[in-house]
Amino acid sequence: MNNDFEPPALSDTDVLALSVIWEHRRQSKADGIKILLLPFAPCPTCGEIVDEVIIGSQNLATLRQLVTMQPCGHVQTVSDSTLLRLQKHMGEMLADLEDANLRGRGASVEAILREARARTTPDNPVASRNTPDNPPGSTREQLPNDILELLAHRTYLSTACETARLLDGAIIRNPERGDLPGWRDRMHARCRLSQKFTGSACSCHCHKAPAP
Ligand SMILES: [Zn+2]
Ligand SMILES: [Zn+2]
Ligand SMILES: [Zn+2]
């Protein structure tokens, strides 16, 4: 066995589309909506229909996870940093899907792929919203103080912490998935701590000191 072999990395578009479909399917399954399960996008390697995507354990040396397409068995990898970079888009796309579902409009895989491509194409305004020049806690884009004073107060929950709370629900519904708590903790750790335009602190319980 050759331990140096590293399967190819999934493109950002495929990672985004796959994870959105994967999470949406899991939520639908948990809610008992088996018949309307969204199909997966075709396998990025061979184009075959994919019935199931198996997410393997993480290689701690490379921080990469193996992703296996079934039934063709093609293996690709996704890195932690890619997932974190795309996490905001994932949350937004899942929220849109949920919204469409509530209105009785199912989403198509084609539409999800198109949206994922638009969000991961450089020089696309949607894709560049997640630029790293605005690190957690940065006040670079904060509005002037005299304007902030005029704004009504609204509780802010960062997308990372919001996603962590969604994961809390997924953990309760899927106690057998031992990998979910790790994902939740990573999401909390990823919080940008304050709203970038208003500076409001994230209201998530994870930032509060534990009660004495
Ligand atoms: Zn394949
Ligand atoms: Zn949090
Ligand atoms: Zn937070």
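**Sheet and helix pair in a predicted model**

Me: How many bridges join β2 to β3, and which way do they run?
Reply: 5 bridges join β2 to β3, and the two run antiparallel. Strands here are DSSP runs of E with at least two residues, helices are H or I runs with at least four, and both are numbered from the N terminus. Two strands pair if DSSP finds at least two bridges between them.

Me: What kind of model is this, and how are things numbered?
Reply: This is a predicted model, where local features need pLDDT of at least 70, side-chain atom pairs count only at pLDDT 80 or more, and totals for chains, interfaces and linings use all residues. Residues are numbered from 1 along each chain as its sequence is written, with chains lettered from A and ligands numbered from 1 in the order in which they are written.

Me: OK, back to the strands. Which residue is the bridge partner of Val67 in β3?
Reply: Gln76. In the hairpin of β2 and β3 there are 4 residues between the strands, and Gly73 has a positive phi near 80°.

Me: And what about β1 and β2, over how many bridges do they pair?
Reply: Over 6 bridges, again antiparallel, with β2 covering residues 64-70. Ile54 stands opposite Thr68 in β2.

Me: What's the strand order in the sheet?
Reply: β1-β2-β3, an open sheet of 3 strands with antiparallel pairing. β1 (52-59) and β3 (75-79) are the edge strands, each pairing on one side only. On average, neighbouring strands are turned by 30° against each other, direction ignored.

Me: Switching to helices. At what angle do α1 and α2 pack?
Reply: About 50°, with the axes of α1 (residues 12-30) and α2 (residues 80-102) 9 Å apart. Axes are lines fitted to C-alpha atoms, for helices over the stretch in contact, and angles run from 0 to 180 degrees between N-to-C directions. α1 and α2 are therefore oblique to each other (under 35 degrees is roughly parallel, over 145 roughly antiparallel, 65 to 115 roughly perpendicular, the rest oblique).

Me: Which residues in α1 meet α2?
Reply: Asp12, Val15, Leu16, Ser19, Val20, Glu23 and His24 in α1; their counterparts in α2 include Leu83, Leu86 and Met90. Contact means C-beta atoms, placed from the backbone, within 7 Å.

Me: What's the pattern along the whole chain?
Reply: α-β-β-β-α-α-α-α-α, which comes to 6 helices and 3 strands.

Key. Two residues are in contact if their C-beta atoms, placed from the backbone, lie within 7 Å.
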